[in-house]
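Welcome! Take a moment to look over the chain below, and then we will walk through it together.

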Amino acid sequence: MASASSRIFEYFVVCGIGPEIRTLEGNKGFQGMEVMYMPSLLDQYPPSNHSLYPPPPPQLPTCVLPAGVEFYSSGFNSDDVTTYPRSYPIVLTEGDGSKIYVACIAFRDPVCEDIIEAYQIPANSFADKCICVVSRSPSFQVLKDALEELFILCFSPAGSSKPLWDVIAYMVSNVPLPTPGKDRVLFAIENCLLSVEAPPKEGLPHADISFQPLVQCLDVDNLIRFFTAVLLERRILLRANKYSLLTLVSEAICHLIYPFRWQHVYIPLLFFSGVDYIDAPTPYMMGLHSGVDTSLLTMDGVVVVDLEYNRITTSEEIPSIPEPELNFLRGEILKLLHPNVIWIDHLKINFGSMSEQYVRCGNKPWGDEHDFQLRLIFLRFLALLLSGYRNFIEPTTNVFNSQAFLKKRSRATGEPTESMLMITQFLESQGFMDYLERCIMSEESSNNLLDKLQDATGRGQNPTTIFPSQSVEPEIITVAEPDVGDAEPGSRHCYKQFPSTVRTEEQEEKRRSILALASGAHSGRQNPSSPMLANGDSKAESLSSMERAAERERMVLDIKVKLQRLWSRLLTLGATEDPLSSFEYGTILALIESDAEGIGGSGFVECIREHIILGWQCRLTDEQFIAVKELLKTAINRASSRNDIATIRDALEVSAEMYRKDSNNVPDYVQRHLLSLSIWDELRFWDAYFEYLMEQSANKSANYVTLVTAQLIVIATHMDGLGLPDTDAWNMIEKIAEKNNLGYKQLIKLRALLSHIQQLRIGYWGLPSGKVQSASPYGLPSPHLQDGSDGSHEPTEASVVGRSWVHSMFSRDRSIRANSFSRVLSSDSTKTGATSGKADLLPSGQKKLHSSMRILKGHSGAITALHCVTRREVWDLVGDREDAGFFISGSTDCLVKIWDPSLRGSELRATLKGHTRPIRAINSDRSKVVSGSDDHSIIVWDKQTSQLLEELKGHEAPVSCVRMLSGERVLTAAHDGTVKMWDVRTDTCVATVGRCSNAVLCMEYDDSTGILAAAGRDVVANIWDIRSGRQMQKLLGHTKWIRSLRMVSDTILTGSDDWTARMWSVSRGTCEAVLPCHAGPILCVEYSPSDKGVITGSSDGLIKFWENEEGGMKCVKNLTIHSASVLSINAGEHWLGIGAADNSMSLFHRPQERLGGFASTGAKSAGWQLYRTPQKTVAMVRCVSSDLDRKRLCSGGRNGLLRLWEATINI
């Protein structure tokens, strides 16, 4: 067999209803005729056990039968068109962007007799089945023709001369992929001759489809709107009542944007159950059958293209194509389509004359010539739109200067650049960036049809001259028909249903087992039996070992089916019904208690797990909660008596998952009610659980120490969830660690984690009932430390962190448990080995902390920029500058306001007016304030008089960053990709010191060295030496927008939307470390000067502390005190301020390290202690700034209010 890459047919696949029947909602078994079921992959060639070929895409069955599988009482009926077979193509996109092309025929086929018998489906039933040919080549026509011939051959009354699967195997194995422009391959299926060829690579890409459906479904104006939306990479949803139409139109529009490529999610035919993907926030192009309801979706910004009704709707306006190019495009399309669409557009334009090519194809039915002319029209349009674009690619950097291109166009057309919204958005698209990279900076530049067309047009040549000549006839390659072999002459193979391929013994055994279980479940429903067979049952005694095994399987399935039903009913009891006295609760309890083999207990736990997997939100009433915890306790007790570790383990995991699934709605924590069970005190259980976790680890290739540590953390989390005493938990963890040769360094880290989460648990739930908590549970050292203790040790680092949590929590009142991280726990934490007289401060002796929260009103729009005047920027060496500590805010109300926190009640010092659009950036020095706005301008103000000194204009897009420099200079960056330096005294731009290929979002400058760093949407961090006027480095590595940047000496930190932060060396231009582990874009990065660590904050709400350990940056601590995006991190020598979008702020303190103390040998960044966090109020915050010198944090909200928090600390 030829390799898959050299064959045109990669797979032949059959999909339909398999031996394991499940509805689209996940319910097992046959549920009726009018229910949709999950499709399965039934047969394939090459077979699944073929070692040379990877399996077909796992999503294939779901995609080729997007509505699912339905059962019918009848098959094909020539009088009923709904029973006719349907032929349609689909396109799948793999993770690397490559496409898989599939031709499908869906039809009704008789259900297999063994499935009918096992599931008790009505006799002579039919179900949807789909046969498919899968290929990497976009040869839609030959895929369709070959598949239709196989379908006809199967159901032809005359039959075939060879078994059908032999015909399929020969076709898939022997038909080669033709060489583009050189070969034509001929092959036969029975008596039908088929051919396939591919056009030359020098021409337009291979498009083996007709563009006629696209131009028939949409009129010219809607076609152009659709084309524009695709160019601008909007979220696009196509609707039609025919699968073929969705795929053909999607493929056609992708070919019309050539030489650009669609760079985003591409699903021409979306399976019905994936309708919620439509609300995805990123660009996509998807097709959905018009019968699927989307009324419950938000659809904000989605461009809906209704192919049935020639209609395009969207909540966001699609910018219009500029007038000259629009007139050209519209006129040329109308000339081509005039014979077909005269009833739509013939009154608008007089078609008195048509060019030769349109006359040549206008009098013929739509064909290949029409397709070519339509593609050429759109290519000519793009050449006209981008006329002269190559002149704006800088030869040294290969960067396209979009602003210069727009200015040139503005001068040529007289159109202001502000009105070129469509072109501006197109030049910022990923498709355009990808085109520049492919065709300007790579080997594809030699075959760039866009450039060739622009050159030919400039020379006055016919556009068709750029395409290769078709004069050379392709070489014919004939695939010989297979030998009939030993078949008798004249013998025919006829089929009443599509045949199955020969299964292996393993496949057949698996099928029989599944159907046997299904058959047992249904017989169990008709003949309810006891969970246990009576000892004296003569029938049981007469059964063979195989029959007894089958009987037990049926019994197990019967119990599980009953439990599923009872559990579902228990969850749906009415508000007035008591679950503890219900029939459902009593029956489940009886099944668990009376079952000596443990099927009831394990089945009940499995019941809960399956419901969670299928999307159950774990929302329980108080009464249901009591019932569930009592049933779980019973199941664990019974499993303990049988030494059934697996059921105990599963119950423990399920109890934790119920809380993690919906922590705000579960009225209590199930796991903590299991503490009274004795099994948790036994090392054998935790030892077995650890071994299970090691076996199940998905990352077995990881470092062994890392793997062991990760599993011990899982165990420690469960121990704390149960509320095990700290001493007992740690002793068992340490024994498991020693058994698995874990180093002492890792033990210390584990100890810190365990003590820390113990503090959190007790602060939230209080001391657990059922066990006596040890008198000194926190900061307890390892037994190894106790052996050599001299009584002089400080508490462990985890105890220090725990105490900071004690001071930051509010109360344990159950009525406000939802705010679990805002409570105070009054608890004494004593030093290890110390006497009672050396205890930490008692509540009566604690220092009283004075705090103040003020609301500053003045803005009428959302706060969009916030800056704190630091002592450094005003050179406040002795503390005599009154403006040090001022906050300066900017808003969507176009105003800049200066606030003095020292003046209580009259904080507003000045209001600065001058901008006409929202403020985006603010900075200051000793005497001036500078602001940048969406109005493309920078304004410099006098700080004392509030006078507008200068308005600096020169940027062509919103200003994103501003920085006051020494010597009356200002540094600015904007969305036009430029970084400019201005002289305030002369009101001029001194130089454009840096240029990026896309919008700049963040900027840093070191005034002492003259090094400038800027980054943003072009995913590159650019470094310039502005004193020498040269670019030093282009730091490549991030894959998405860079949103945050910090430069300290020779080190640069960057945070990106690709969920990683990176550490770079400025001098070497290399990436020194990648900091992953966040679950969202990194919005802020900070350097901690006291320990040379790194702190990152993300949209996932996490704050991570990183240290340089053993030659690499390692995350040493995670903080989860914020529940929304972390917007600001500001670190000083001993203080750290953090603000988040949920209107929460936190202040951390790092004590001075003392010689001989524990802190001098402990962790670095982990030494930050949470000092205060104020009570959070409801507001959505846009920006945060902090004044660490005065312990003040200020946040600006969408409601226009500033929230100033001041903690006066007495150290």
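In which strand is the place of His-867? His-867 sits in strand β16, which covers residues 863-868. Helices and strands here are DSSP runs numbered from the N terminus, with at least four residues (H or I) for a helix and at least two (E) for a strand.

Before going further, a word on the model. This is a predicted model, in which local features need pLDDT of at least 70 and side-chain atom pairs count only at pLDDT 80 or more, while totals for chains, interfaces and linings use all residues. Residues are numbered from 1 along each chain as its sequence is written, and side-chain values use heavy atoms, with hydrogens and water left out.

Back to His-867: is this residue buried or exposed? His-867 has a relative accessible area of 11%, so it is buried. (Buried means under 20% relative accessible area, exposed over 50%, and partly exposed in between, with a 1.4 Å probe and protein chains only.) Setting aside neighbours within four places in sequence, the residues in contact with His-867 include Glu-873, Phe-886, Asn-923 and Ser-1185. Contact means heavy atoms within 4.5 Å.

Now move to strand β4, residues 86-93, where you will find Pro-89. Pro-89 counts as buried because its relative accessible area is 12%. Pro-89 and Leu-246 are 157 residues apart in sequence, but 9.2 Å apart in space, C-alpha to C-alpha. Beyond neighbours within four places in sequence, Pro-89 is in contact with residues including Val-102, Phe-140 and Leu-248.

Val-91 lies in strand β4 too. With 4% relative accessibility, Val-91 is buried. If you leave out residues up to four places away in sequence, Val-91 touches several others, among them Tyr-101, Phe-140, Glu-251 and Pro-268.

Next, look at a pair of strands. Strand β40 (residues 1126-1131) and strand β41 (residues 1135-1140) pair in the antiparallel sense over 5 bridges; two strands pair if DSSP finds at least two bridges between them. A hairpin of 3 residues joins β40 to β41, and Ile-1129 stands opposite Ile-1138 in β41.

On a 1 Å grid over the protein atoms alone, a cavity is a set of points where a 1.4 Å probe fits but cannot get out, and lining residues have an atom within 4 Å of a point. Grid points are joined across faces, edges and corners, and a volume is the space filled by probe spheres set on the points.

The largest cavity has a volume of about 110 Å³. Of its 13 lining residues, Val-167, Tyr-170, Met-171, Ala-188 and Pro-482 lie nearest its centre. The elements giving two or more residues to this lining are α4 (164-174) and β7 (183-189). The lining of the largest cavity divides into 10 nonpolar, no polar and 3 charged residues. (Ala, Val, Leu, Ile, Met, Phe, Trp, Tyr, Cys and Pro count as nonpolar, Asp, Glu, Lys and Arg as charged, and the others, Gly among them, as polar.)

Finally, step back to the whole chain. The secondary structure comes to 27 helices and 46 strands. Of the 1211 residues in the protein chain, 52% are buried. Among contacts between residues at least 6 apart in sequence, 60% join residues at least 24 apart.

Methods: 1 Å grid on protein atoms, 1.4 Å probe; cavity = no way out; pocket = protein on both sides within 12 Å on 5 of 7 lines; lining within 4 Å.
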